[in-house]
Amino acid sequence: MLVPSSTRRSVAATAIALFVFAAGATYTVQPGDTLSDIANENGTTATALARENKLSNPNRIYVGQQLVIPGAATSAGVASSSAHTVKSGESLSTIAAKYGMTTEALAQANGITNTNVIYVGTRLSLSGEPIDFTPGSGSAGSHTVTTGETLGKIAAAYGTTIDTLVELNSMTNPDLIRVGQILAVPGGGFICPVPGGSFFNDYGFPRSGGRFHEGIDLFAASGTEVVAPVSGRVEFKIGSIGGMQFNLYGDDGATYIGSHMDSFGASGYVAAGTAIGTVGDSGNAVGSRPHVHFEVHPEDGPAVNPYPYLEKACK
Ligand SMILES: [Zn+2]
């Protein structure tokens, strides 16, 4: 493992500690679970789970049963090519070589932008197929009307037309705009959801119960504004794990999730950059360093690592 600076050292040490804890990971069967569900969620197979736990009948598991998650996904003794958990002493290139991949393909498939930095315990996807997704495409940004502006002037400034602005803002009278009014404008792109926040590539880090971290944690002082990264429809949820959480159904087709907030902001349809809450420690993050756990699910599918987008947007 290569660690570029002393500031990363404590983070890396945490990852190692978590890995040691997770090495003998067990999973407690929940109501509704099937062995194959549990296998899928933990990067293994039902066969491997049954063998590891000496289950004579894989169809018979019971709620509360403790299952040991095998370290590597195996099927009939052959290493599976679905995921790999980083071990001490490994580098991205040695892992890539092991699975007949290029270092670049492995990095891309996992949202790793610096191939010299990987953390022990991180689960890497070996699918080798980076998803074709551009966050913020078709997203609308926002513009606050200032003194002397007309809709025509604003349209020109954003390289668009009055008609587009009228439609985007469901306006009935294009001559009627007021100072301070927030208008949706084209070209919002992907905006940093926690401006000024700090983060690193902690996607894929081990979590309790054999789970893995499917997002990036954006750390900032409690009360720091959280903004919609793209335009779309915002809904709020409150849960014991995510605490105060936003679900943003983006105009780019992706679902964005942010949890552990301390307050909610605007909901319904919002432009990119609209304040939708504040950073906190709600849910199962109570008492931890305030942050927003941020996930991106393109086309409502599985989570992908948003690190490359965040690295660009959160400068
Ligand atoms: Zn998180």
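Tutor: We begin with pLDDT, the predictor's confidence in each residue, from 0 to 100. This is a predicted model, in which local features need pLDDT of at least 70, side-chain atom pairs count only at pLDDT 80 or more, and totals for chains, interfaces and linings use all residues. Residues are numbered from 1 along each chain as its sequence is written.

Student: Where does pLDDT stay under 50?

Tutor: It does so over residues 1–24, which have 27 contacts beyond four places in sequence in the model, a contact meaning that two C-beta atoms, placed from the backbone, lie within 7 Å. Over residues 72–80 the pLDDT is also below 50, and that stretch has 16 contacts beyond near neighbours in sequence. Where pLDDT is low, the predicted coordinates should not be read in detail.

Student: And what does the chain average?

Tutor: The chain averages a pLDDT of 84, with 85% of the residues scoring at least 70.

Student: New topic: is Phe-190 buried or exposed?

Tutor: Phe-190 is buried, because 23 other C-beta atoms lie within 10 Å; buried means 20 or more such atoms, exposed 12 or fewer, and partly exposed in between, with C-beta atoms placed from the backbone.

Student: Which residues does Phe-190 touch?

Tutor: Leaving out residues up to four places away in sequence, Phe-190 touches Pro-135, Gly-136, Pro-229, Val-230, Tyr-309 and Ala-313. The C-alpha atoms of Phe-190 and Ser-137 are separated by 7.8 Å, although these residues are 53 residues apart along the chain.
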